[in-house]
Amino acid sequence: MSQPSRLMAKDLSVSFGKSSVLNELFVTIPDGSLTVIVGPNACGKSTLLRSLARLQSVQKGQVVLDGKAIHRQSSRSVARRLAILPQMPTAPEGLSVHDLVVRGRTPHQSALRQWSKADAAAVANALDKTGMADNAHRPLESLSGGQRQRAWIAMALAQDTDILLLDEPTTYLDLPHQIDLLTLVQKLNRETGRTVAMVLHDINLAARFADHIVALKDGKVHREGSPAEVITEQTMDQVFALPCTVIADPVHGTPHVIPA
Amino acid sequence: MILRLPYLSFLFSRRAIVAGSALAILLAITLTVSVKLGAFPLSWSQIIATFARRADDVQQMIVLDHRLPRILTAIGAGAAFGLAGAMFQTMLRNPLATPDVIGFSAGASCGALLAMILTGGFILPGALAGGLVTAAAVTALAWHNGLQPYRLILIGIGASLTLSAGADLLMTKIDALTAAEMAKWLIGTLNTRDWSDVRLVWLGLTFLFPLALWLQFPLSRMAMSDDITTGLGLPLSPLRLLVTACAVALVALGVSVAGPLPFVAFVSGPIARRIVRGGSPAMLPAATVGALVTLLADMAARSFPIVQLPAGVCTAMIGAPVLMWLLLVQFRKGTL
């Protein structure tokens, strides 16, 4: 809690109809680090991330960005500081990678000022950083799942925000592509100093790539801290009801969960 | 390609410019040919003479008071429908979600018909009110945790059928002669258009066209998803309202000068997007395709011997197979 944070949730409650998903939740996303939100299915991981990105209407409490309630700020001004890549995003057929990345510049543009030097530089930089420059003119649907996800991340990068939120960016990718994508995200976090927060299903991948882990259970933060602090046999049992052994990953030294 | 003006800059794809120009040239050629086409044979030199006001009165009347208003009304109404269709298809991310399929055109026709029966005029306000009420009702009925396009389409088709029945009912309340005229108008017709129709449709377009083109920027973002639109900092709900209002106004404008002209709004967008490609909403090309389809349909209707066929019959003959084809494609892809 001592770390500085521009993005936090205070006393946040969200429910869908009668079922409550988030329940008076408090969380802070530490600046400049890579935070991963984990938890069992239907624990509210995605709902929390969507709430942090003002995509979710909340019943109680608020999300605070830069000291002000996020829903009281103009959406455009929020979009210049915070980018979100939703789960399984879709694009119209035929859209090229380049045109997709250009759309990431929207909060910096208007219908009458559609292109500036800063736009060109940000798009080129985003394509370069994600290794998509060579595929820039290919239509999105002609790419493999892993490349397509890189293109979407390039779009979020082009938005040129300090904070980047990713909702399960590895869904439907095979293991090599999951590693590839998370390595890219980690590199972006390290090289550009962006704050990254994402939802991941895989605990071992979370432990390997995260600086900070938030474990949710029943719409509340059950435990948060460094991977070594959160990924323990006790927490796994409490959060996932998963009896397991946690060992140190022999290669990376990060905690590794071995289910019993 | 980038167009830069002081303080303004616009982004175009090269393909969109080439395709747009080609469509515009095609429209210009069709327009020229359609001036010559008709029951009364005229040579090119006679037609040119009428524009210089040097032909005889009959020729003058045929070209300037009969054919030209009809052609210009067809182009204006077709462009309005094409634009409205492309806007709805892009906003709702579904090619089936166009005003003529989901009942907004039928609502506008009913409103116009009602206004005509009750007051003998006020066609445009009637169409506008009918279109907006239908849009509001269909959206409200389809609303369920947000806007699901397939719900909107199914409820819209239901509304369309209900409103057609309503129009039929209204027809029984008026005398047979008026009813016969109205019946043609309800199919969509460009018979006996005069310069007042031309003025109405083009005046409306001068306001709505720039608004629609301005909306292309947010629409091309809304084409991705609601979450992405909001994530990019665009105000989703106000934009939806503005797009709907603008598209309904375009439909009302088209309906009040040419009747509902079935399927013009529906076919224009997919044809334009297939020509332009690149995932753009292709609104200007869609307007051009709409104008072209309407003009061609009216030419076909005019060249039909003996009977004065309403143009709506021809647009329906073009549109219905496209509808079936799109339904099959979407059914196979599972995106219905």
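**A:Phe240**

I began with A:Phe240, which sits in helix α9 (residues 233–240) of chain A. Helices here are DSSP runs of H or I with at least four residues, strands are runs of E with at least two, and both are numbered from the N terminus. This is a predicted model, where local features need pLDDT of at least 70, side-chain atom pairs count only at pLDDT 80 or more, and totals for chains, interfaces and linings use all residues. Residues are numbered from 1 along each chain as its sequence is written, chains are lettered from A and ligands numbered from 1 in the order in which they are written, and side-chain values use heavy atoms, with hydrogens and water left out.

I then listed its contacts, meaning heavy atoms within 4.5 Å. Not counting residues up to four places away in sequence, A:Phe240 touches A:Gly39, A:Pro40, A:Ile203 and A:Thr235. I also checked A:Val101, 139 residues apart from A:Phe240 along the chain; their C-alpha atoms are separated by 37 Å.

**Strand β8 of chain A**

Next I looked up β8(A), residues 195–199. All 5 of its 5 residues are buried. I sorted them by face. A:Thr195, A:Ala197 and A:Val199 lie on one side, A:Val196 and A:Met198 on the other, and both faces are covered. In a regular strand the side chains alternate between the two faces of the sheet.

Which strands pair with β8(A)? Pairing requires that DSSP finds at least two bridges between two strands. Strand β3 (residues 34–38) of chain A pairs with β8(A) in the parallel sense, over 4 bridges. There, A:Leu34 has A:Val196 as its bridge partner. Strand β7 (residues 163–167) of chain A is also parallel to β8(A), with 5 bridges. In β8(A), A:Val199 stands opposite A:Asp167.

I followed the chain through helix α6 (residues 175–192) of chain A: β7(A), α6 and β8(A) make a right-handed β-α-β unit. Right-handed means that, with the strands pointing away from the viewer, the path from the first strand over the helix to the second runs clockwise.

**Two antiparallel pairings in chain A**

I found an open sheet of 4 strands, in the order β2-β1-β4-β5 (chain A), with antiparallel pairing. β2 (19–29) and β5 (68–69) of chain A stand at the edges with a single partner strand each, so one side of each has no neighbour in the sheet. Strand β4 (residues 60–65) of chain A meets β5(A) over 2 bridges, in the antiparallel sense. A:Leu65 is bridged to A:Lys68 in β5(A).

Then I turned to β11 (residues 244–248) and β12 (residues 255–259) of chain A, antiparallel over 5 bridges. A:Ile247 stands opposite A:His256 in β12(A). The two strands form a hairpin with 6 residues between them, and A:Gly253 in the turn has a positive phi of about 80 degrees.

**A:Gln149**

I placed A:Gln149 in helix α5 of chain A. A:Gln149 is buried, because its relative accessible area is 11%. A polar atom of its side chain lies 3.0 Å from the backbone oxygen of A:Pro169. Beyond four places in sequence, A:Gln149 touches A:Leu85, A:Pro169, A:Leu173 and A:Leu181.

**Chain A against chain B**

I went to the interface. Chain A gives 34 residues to the contact and chain B gives 24 residues. The buried area is about 2500 Å², with 59% from carbon and sulfur atoms. Buried area is the accessible area (1.4 Å probe) that two parts lose on being put together, summed over both.

How many salt bridges cross the interface? I found 1 salt bridge, where the rule asks for a side-chain nitrogen of Lys or Arg within 4 Å of a carboxyl oxygen of Asp or Glu. A:Arg50 and B:Asp227 form the salt bridge, at 2.3 Å from N to O.

**B:Pro310**

Last, I looked up B:Pro310, in the loop between α12 (283–303) and α13 (311–333) of chain B. B:Pro310 is buried, with a relative accessible area of 8%. Its C-alpha atom and that of B:Ile187, 123 residues apart along the chain, are separated by 6.7 Å. The contacts of B:Pro310 include B:Lys184, B:Ile187 and B:Ala301.

Note on methods. Buried < 20%, exposed > 50% of the residue type's maximum accessible area, 1.4 Å probe, protein only. Polar contact = N/O pair within 3.5 Å; in protein donor to acceptor, adjacent residues only side chain to side chain.
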